[in-house]
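The sequence and the structure come first, and the text follows them.

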Amino acid sequence: MTRNNCQINSKLKECNLKLLEKSIALGSAVWAITQCHKYTNERIKDLDLIVDRQKRPFSLEFNDGYKLFYKFSLSDCSSCIESELKNIKGKMKSVNILIETQSLRDFKTFVAINHIDTAKVFRIEKPILEEAELPFYFVTNRELYIKDLFFPMSELPDLTTEFYYIVQDKYLN
């Protein structure tokens, strides 16, 4: 009887842990959705891109169409960044990358280590969204209004790819 109670308690703890994990994932998803609604159609500042030690306005990167960007900081979770970069280099070819860092040296090291196409990578020194500085994807054009925004979640990695395909159909084809 004692053994059965221990087994039942063990199973209950396991189930509670799984429920807690699901609750955290759901909380993350709800937060991400509210941020997407909050920032969609917000205009971002024409921040400076740093290319070859020269600053140029972000808006000059656009012709008449939309572009998809993945923005992160080198201080973000490294495993999260690595998994997103793997997606970008694999399935998601048309993503441009914004790296928030003060250091040109850190930027160059990161690009070299990860074998990133430098034509699609830009360094920025200031945050894009003041309140939400987790890594995120967004679509914009020369007017710099955020048309679609997505916060990738490590608990639900397939959503990133799904977002990419939706954005491809909607803006980039």
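## Helix H2 and its surroundings

Ile81, Glu84, Leu85, Asn87 and Ile88 are the buried residues of helix H2, where buried means under 20% relative accessible area, exposed over 50% and partly exposed in between, with a 1.4 Å probe and protein chains only. Viewed down the axis of H2, these buried residues fall within an arc of 155°, so they line one face of the helix; the arc is that of the directions from the helix axis to the C-beta atoms. Glu82 and Lys86 are exposed on the other side of H2.

The model is predicted: local features need pLDDT of at least 70, side-chain atom pairs count only at pLDDT 80 or more, and totals for chains, interfaces and linings use all residues. Residues are numbered from 1 along each chain as its sequence is written, and side-chain values use heavy atoms, with hydrogens and water left out.

The buried residues of H2 pack against strand S3 (67-73), strand S4 (95-100), helix H3 (104-114), strand S6 (136-140) and H4. Contact here means heavy atoms within 4.5 Å. Helices (H or I, at least four residues) and strands (E, at least two) are DSSP runs, numbered from the N terminus.

## Helix H4 and the overall fold

The buried residues of H4 are Thr160, Thr161, Phe163, Tyr164, Val167, Gln168 and Tyr171. Seen down the axis of H4, they also lie within an arc of 155°, so they line one face of the helix. Asp158, Asp169 and Lys170 are exposed on the other side of H4. The cover over the buried residues of H4 includes S3, H2, S4, S6 and S7.

The table gives the spans of both helices; the expected span is 1.5 Å times one less than the number of residues.

| Helix | Number of residues | Span between end C-alpha atoms | Expected span |
|---|---|---|---|
| H2 (residues 78-90) | 13 residues | 18 Å | 18 Å |

In total the protein has four helices and seven strands, in the order α-β-β-β-α-β-α-β-β-β-α from the N terminus. Of its 173 residues, 39% are buried. Among contacts with a separation of 6 or more, 69% join residues 24 or more positions apart. The accessible surface comes to about 10,800 Å², with 54% belonging to carbon and sulfur atoms; areas come from the Shrake-Rupley method with a 1.4 Å probe, and for residues only the protein chains shown count as cover.

## Individual residues

Which residues does Thr160 touch, not counting those up to four places away in sequence? They are Glu84, Asn87, Met92, Tyr137, Phe150 and Pro152. Thr160 sits in helix H4 (residues 158-172) and counts as buried because its relative accessibility is 0%.

Lys71 belongs to strand S3 and also counts as buried, at 0% relative accessibility. Its side chain makes a polar contact with the side chain of Glu100 (3.0 Å). A polar contact is a pair of N or O atoms within 3.5 Å; within protein, one must be able to donate a hydrogen and the other to accept it, and residues adjacent in sequence count only if both atoms are side-chain atoms. The C-alpha atoms of Lys71 and Phe138 are separated by 8.0 Å, with the two residues 67 apart along the chain.

Two loop residues other than glycine have positive phi. His115, with phi near 55°, is in the loop between H3 and strand S5 (121-124) and is exposed, with a relative accessible area of 66%. Leu144, with phi of about 70°, lies in the loop between S6 and strand S7 (148-150) and is buried, with a relative accessible area of 1%.
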